[in-house]
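I opened my notebook to look through this fold, one feature at a time. Here is what I looked up, in the order I went.

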Amino acid sequence: MKVVAVIGSPRVNGNTEALARHALEAVAAEGIDTEIIRLAGLEVAPCDACMVCRGTAQCSIQDEFQGVYDKMLAADGIILASPVYFGSATANIKAVMDRAGYVARNNGDLFARKVGGPLVVARRAGQNFTYAQLMYWFMICGFVVPGSTYWNIAFGRHPGDVAGDEEGMRTVANFGKNIAWLLKSLGDRAG
Ligand SMILES: Cc1cc2nc3c(=O)[nH]c(=O)nc-3n(C[C@H](O)[C@H](O)[C@H](O)COP(=O)(O)O)c2cc1C
């Protein structure tokens with residue numbers, strides 16, 4: 001079994017990555033493989049609505065999306081993690097959500113019954129909206145989303161700040177534990 005975390009920050013080793021790493025450590029502690037997928041530095045254009053993916057299961061845009069999508073498809077669990085930019089998810093992660101979601105949904109709901117959920121970090125405000133924004137993607141794609149002891153949000157501005165948000169870190173660790181519990185409970189029935 002494997003859980004991947006797609007990091008929607010353009011900042012390597014930033015707060016989003018630190019939060020996601022903490023969640024994945026809890027997953028790994030339960031004996032499940034994990035991997036961080038950084039979007040930072042990758043060229044992933046927005047969906048251009050060409051509709052080629054309908055029936056072909058292929059995105060027609062030739063960039064670095066395919067490598068990300070292949071890892072998402074192969075995983076049993078997917079975390080999408082984003083910082084808040086102007087009250088919303090980053091353009092980086094939105095491009096992946098739109099393209100991966102459209103290809104998967106147009107070719108037999110390829111993410112259905114995978115396990116996953118969102119993580120969000122911001123300096124001050126916008127976590128709840130962005131959390132909801134990401135959650136819409138998980139729900140329409142047919143994921144099974146476990147809860148935690150709070151919503152998976154945290155506070156931080158400069159890289160590393162998020163480690164000081166004790167409740168945020170504890171919440172995502174509990175989320176990671178619940179991902180592992182759910183995956184083991186579903187066993188072969190997971191997507
Ligand atoms: C373009 C931009 C827009 C931002 N918008 C918000 C915002 O709306 N609300 C907020 O609280 N923080 C905002 N921030 C701060 C980031 O969410 C915060 O620094 C976060 O920790 C960055 O995560 P990272 O270290 O993973 O990149 C913004 C930062 C940037 C660069």
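Before the first entry, a term I need: a strand here is a DSSP run of E with at least two residues, and strands are numbered from the N terminus. I also note that this is a predicted model.

**Entry: G77**

Is G77 buried or exposed? I call a residue buried if 20 or more other C-beta atoms lie within 10 Å of its own. G77 counts as buried because it has 28 C-beta neighbours inside 10 Å.

Next I asked which residues G77 touches. Leaving out residues up to four places away in sequence, I listed V3, K114, V115, G116, I179 and L183. I also checked G77 against D165, which sits 88 residues apart from it along the chain; their C-alpha atoms are separated by 25 Å.

**Entry: the sheet**

What is the order of the strands in the sheet? I read it as β2-β1-β3-β4-β5, an open sheet of five strands with parallel pairing. At the edges I found β2 (33–38) and β5 (153–155), each pairing on one side only. From one strand to the next, the twist averages 20°.

A reminder to myself: strands of a sheet pair through backbone hydrogen bonds, either parallel or antiparallel.

**Entry: β1 and β2**

Strand β1 covers residues 2–7, and its parallel pairing with β2 runs over six bridges. I found V4 opposite E35 in β2, and K2 has D33 in β2 as its bridge partner.

Which strands does α5 lie across? I traced this helix, residues 127–140, over β3 (77–83), β4 and β5. Relative to β4, α5 runs at about 160°.

**Entry: around the ligand**

How many residues surround the ligand? I have 19 in my notes, and the closest are S9, G14, T16, P83 and A122. The elements giving two or more residues to this shell are α1 (15–28) and β4 (115–122). Sorted by class, the shell has eight nonpolar, seven polar and four charged residues.

Terms used:
Residues are numbered from 1 along each chain as its sequence is written. This is a predicted model: local features need pLDDT of at least 70, side-chain atom pairs count only at pLDDT 80 or more; totals for chains, interfaces and linings use all residues. A residue is near a molecule or strand if its C-beta atom, placed from the backbone, lies within 6 Å of it. Helices (H or I, at least four residues) and strands (E, at least two) are DSSP runs, numbered from the N terminus. Ala, Val, Leu, Ile, Met, Phe, Trp, Tyr, Cys and Pro count as nonpolar, Asp, Glu, Lys and Arg as charged, and the others, Gly among them, as polar. Two strands pair if DSSP finds at least two bridges between them. Axes are lines fitted to C-alpha atoms, for helices over the stretch in contact, and angles run from 0 to 180 degrees between N-to-C directions. Two residues are in contact if their C-beta atoms, placed from the backbone, lie within 7 Å. A residue is buried if 20 or more other C-beta atoms lie within 10 Å of its own, exposed if 12 or fewer, and partly exposed in between; C-beta atoms are placed from the backbone.
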